[in-house]
Amino acid sequence: MAITTYHKGFIGRAFAVLGAASAAAAAVEGHRRPKASDLRTLGIDPANFPDTRRG
């Protein structure tokens, strides 16, 4: 049972990371700031993320 829970957690986390990475990449390409929640999911501190408008 624990193995099944581990795999569900791992797969769910993997999809969350892929979704956050896709959303953050689209925001940066569109010259917008990614959502803070997407950055946190990727392990990036939103306060340290560069401002994309100054480029």
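**Surface.** I started with the accessible surface of the protein, which comes to about 4400 Å². Carbon and sulfur atoms own 62% of that area. I'm working with a predicted model here, so every value I jot down is computed from it.

**Inside.** Next I looked up how much is tucked away: buried residues make up 15% of the 55 residues in the protein.

**Fold.** I counted the secondary structure and got two helices and zero strands. Then I checked contacts with a separation of 6 or more, and 17% of them join residues 24 or more positions apart.

**Helix 1.** I found Phe10 in helix 1, which covers residues 2-29. What does Phe10 form with Ile11, Phe15 and Leu18? I noted a nonpolar patch on the surface, and together these four have about 470 Å² of accessible area.

**Helix 2.** I moved on to Asp38, which sits in helix 2, residues 36-41. Is Asp38 buried or exposed? Asp38 turns out to be buried, yet it has no salt bridge. I looked for the nearest side chain of opposite charge and landed on Lys35, 5.5 Å away. Leaving out residues up to four places away in sequence, I see Asp38 touching Ala20 and Ala23.

**After helix 2.** My last stop was Ala47, in the segment after helix 2. Why do I call Ala47 exposed? Because its relative accessible area is 67%, and exposed means over 50%. I also checked Ala47 against Ala36, 11 residues apart along the chain: their C-alpha atoms are separated by 8.7 Å.

Notes:
Residues numbered from 1 in each chain as written. Predicted model: local features only at pLDDT ≥ 70, side-chain atom pairs only at ≥ 80, totals over all residues. Heavy atoms only, no water. Helix = DSSP H or I, 4+ residues; strand = E, 2+ residues; numbered from the N terminus. Buried < 20%, exposed > 50% of the residue type's maximum accessible area, 1.4 Å probe, protein only. Contact = heavy atoms within 4.5 Å. Areas by Shrake-Rupley, 256 points an atom, 1.4 Å probe, with all protein chains shown as cover. Patch = residues over 30% accessible without salt bridge, like charges linked within 9 Å, V, L, I, M, F, W, Y side chains within 5 Å. Lys, Arg positive; Asp, Glu negative; His and termini not counted.
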